[in-house]
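Hello,

Here is the structure I promised to pass on.

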Amino acid sequence: MIREKIVSLVSTALNSAQDAGEIPHFVSPEITIEHPQRIEHGDFSINLPLRIQGLAKMKAIDVANILQKHIEPYSAIEKIEVAHPGFLNFYLEETWVCDQITSIVNAGDYFAFSDIGNGTNVQIEYVSANPTGPIHVGNGRGAAIGSTLANVMDFLGFNVQQEYYVNDAGTQVSIFGRTLYARYAELFGKQIQIPDNGYPGAYIIELAKNIQEQYGDAFLELVDNEPNPELGKIGIDLQLTNIKDDLSAIGVDYDSWFSEQSLMVKGGAYDTSLKLLMDAKLVLKREGAIWFNSSDLGESKDNVLIRSDGQPTYYATDIAYHYDKFLVRKFDRVIDIWGADHQGHVSRVKTALQTVGGDPDSLDVLLYQLVNLRRGDEIVPLSKRAGEIVTLRNVIDEVGADAARFFFLSSSANQTMDFDLELAKSQSDENPVYYVQYAHARISSILVKAEEDSLFKSNPKLSLLNHPSEQLLIRKLLLLPEILENVIADLAPHHLPHYSKDLATAFHSFYTQCRVISEDKELTAARLILLQASQIVLAKTLGLMGISAPRKM
RNA sequence: GCGCUCGUAGCUCAGUGGAUAGAGCGCUGCCCUGCGGAGGCAGAGGUCGGAGGUUCGAAUCCUCCCGAGCGCGCCA
């Protein structure tokens with residue numbers, strides 16, 4: 001890539017200047033390259049002279065001048081300028097820029113591919129909401145972030161597994177079972193109190209009706225004075241189906257639905273990881289419960305593994321779950337995506353993971369801050385009447401999956417987010433989703449027309465694309481590879497929607513300034529290739545975000 | 001009280017230690033003989049919460065203070 005080429009040119013120039021005795025010898029820091037903010041400063045900028053002025057005991061501007069002299073000429077570079085207080089600014093050759101469109105069009109859907117993942121086995125686990133109820137708006141944010149990250153990593157050569165951890169064991173599930181039983185019994189005219197900490201939401205009534213239709217009164221009788229556990233299990237399965245439907249409606253598809261229950265089999269991950277903790281002599285019985293002495297390992301406090309009623313805590317099963325990810329399934333790297341309310345859990349999971357033999361540095365926990373819903377200036381409370389919440393499905397139904405994903409992705413994960421339903425829903429120029437999609441539709445429409453009129457030529461003169469708006473557009477297209485690398489390096493998919501807006505702006509601006517189909521056959525053919533390249537990059541960007549790229553709107 | 005995250009234009013948000021801090025919406029004013037106006041161009045609008053510090057250079061790193069959200073259960 002051109003970035004690496006420039007860095008290596010500068011590195012060589014430094015060596016050569018040092019060998020010539022014009023700059024003293026020292027170990028150079030890593031050379032960084034960036035895009036200047038202002039186009040007058042060129043396409044790339046190197047700040048090395050400023051960073052080594054101390055080492056060289058010279059003025060940065062002098063270092064820059066010497067380096068400039070020692071940089072070998074290179075065909076893609078038109079000129080190199082020294083700028084105060086000591087930058088080296090690189091300007092790309094216009095014809096080189098034009099020629100890059102060919103590589104985009106040739107690469108097609110593989111443009112921006114580079115195998116930086118190198119087959120690394122990565123698991124991305126996200127959403128994993130309790131299957132005891134519908135998923136809410138906050139889960140939608142996790143879903144958009146997780147699946148987009150998975151798309152990008154998959155594209156860049158990682159071997160990605162997307163997983164949903166199904167909490168089908170534990171206290172919440174049994175409370176769910178009792179609630180469901182109460183609703184189910186109601187349908188047969190029995191009055192049974194919903195448990196105090198139960199689920200008052202109306203969706204449970206729907207589940208109960210569904211079960212009544214399929215199974216009749218099969219679960220009405222108590223088993224050992226408790227609701228039949230089979231009822232709860234069926235209820236969980238039905239609710240899980242609803243969750244799958246909702247996630248699929250927002251373009252999320254998992255490779256794996258991992259059952260918490262499966263950790264609990266005799267001799268399984270739960271038994272093994274607990275034994276490892278005990279072998280480490282970090283487990284003690286106290287006040288009737290079994291504790292992990294995590295404060296001995298620098299945690300702020302000890303944590304309970306097994307409650308005094310004999311039930312394992314969420315923490316204990318999560319240790320087992322992470323043991324399973326790393327030591328049983330042997331992922332090279334795991335990315336967990338959690339809501340920020342789980343922040344306190346991160347450190348102690350890593351500590352426990354290390355104790356059971358995993359590498360905490362291979363575990364990334366990406367926390368996303370909470371979502372506030374708004375409708376214009378009005379705040380929409382996330383929980384409505386008792387037990388009712390604003391579900392992800394409500395939002396998708398109102399604004400559509402494309403807009404929902406775009407908005408969820410738009411802010412960085414550690415920024416609390418305001419999701420404006422009114423804005424997301426509006427089919428107007430206020431809405432950035434349509435702005436980007438519109439660019440794609442516009443391009444498609446012109447390409448169709450050009451196809452009909454047979455305006456394509458086999459070897460168009462791309463060097464004709466020298467209008468400033470054309471040059472700007474091509475430069476934006478060429479940014480995608482870097483954007484994707486940044487998305488992965490920072491685990492920050494929010495770069496994508498911003499890039500897509502930028503790209504759409506560059507296109508719309510080009511469109512109004514340069515007419516594509518004109519009397520000039522040569523220029524028309526060249527601009528059509530530019531359109532093809534733009535369509536490829538826009539579609540790619542939208543596709544990675546899980547957003548459709550419509551040909552008509 | 002302790003921990004994590006955040007504080008950037010009226011609003012919603014970008015901003016890999018770099019040069020004159022950006023975008024969208026909103027506001028003001030322009031641009032349709034022609035490929036899709038869901039568009040384009042221009043303008044107004046900022047003590048980057050505050051104070052110190054590190055650095056050639058700080059919105060960005062460090063310390064303190066102020067403010068907001070979240071967490072600190074034998075919940076998940």
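**Strands side by side**

Tyr-126 stands opposite Ile-337 in strand E11. The chain then crosses from E11 through helix H11 to strand E12, and this β-α-β crossover is right-handed. One caution before we go on: this is a predicted model.

Stay with E11, residues 333-339. Six of its seven residues are buried, so the rest of the structure largely encloses E11. E11 pairs with E12 (residues 363-368) in the parallel sense, over six bridges. Find Ile-337 again: in E12, Leu-366 stands opposite Ile-337.

Now look at strand E5, residues 121-126. Is E5 mostly covered or mostly uncovered? Mostly covered: five of its six residues are buried. E5 also pairs with E11, in the parallel sense, over five bridges. Glu-125 stands opposite Asp-336 in E11.

E5 has another partner, strand E6 (residues 159-166). The two run parallel and are joined by five bridges. Here Gln-123 stands opposite Gln-161. Helix H5 (residues 137-155) comes into this part as well: E5, H5 and E6 make a right-handed β-α-β unit.

**Around the RNA**

Next, turn to RNA strand B. Which residues come nearest to it? Of the 69 residues around RNA strand B, they are Glu-287, Ser-412, Asn-414, Tyr-435 and Arg-442.

Which part of the RNA faces the protein? Take the atoms of RNA strand B within 4 Å of the protein: 61% belong to sugar or phosphate, and the rest to bases.

A polar side-chain atom of Arg-307 lies 2.8 Å from a phosphate oxygen of RNA strand B. For Gln-415, an N or O atom of the side chain is 3.1 Å from a phosphate oxygen. For Glu-34, a polar side-chain atom lies 3.4 Å from a phosphate oxygen. Several elements give two or more residues to the surface near RNA strand B, among them helix H2 (48-56), strand E4 (87-92), helix H6 (171-187) and helix H18 (495-513). Helix H15 (432-452) is also one of them. H15 gives the largest share of that surface, eight residues.

What kinds of residue make up this surface? They divide into 21 nonpolar, 31 polar and 17 charged.

**Cysteines**

Cys-98 is buried, with a relative accessible area of 1%. Cys-514 is buried too, with a relative accessible area of 2%.

**One more residue**

Last, find Gln-68 in helix H3, residues 60-70. Gln-68 is partly exposed, with a relative accessible area of 29%. Then find Glu-81, 13 residues away along the chain. The C-alpha atoms of Gln-68 and Glu-81 are separated by 7.6 Å.

Best wishes

Note on methods. Residues numbered from 1 in each chain as written. Chains lettered and ligands numbered in written order. Predicted model: local features only at pLDDT ≥ 70, side-chain atom pairs only at ≥ 80, totals over all residues. Heavy atoms only, no water. Buried < 20%, exposed > 50% of the residue type's maximum accessible area, 1.4 Å probe, protein only. Near = heavy atom within 4 Å. Polar contact = N/O pair within 3.5 Å; in protein donor to acceptor, adjacent residues only side chain to side chain. Helix = DSSP H or I, 4+ residues; strand = E, 2+ residues; numbered from the N terminus. Nonpolar A, V, L, I, M, F, W, Y, C, P; charged D, E, K, R; others polar. Pairing = 2+ DSSP bridges. Right-handed = clockwise from strand over helix to strand, strands pointing away.
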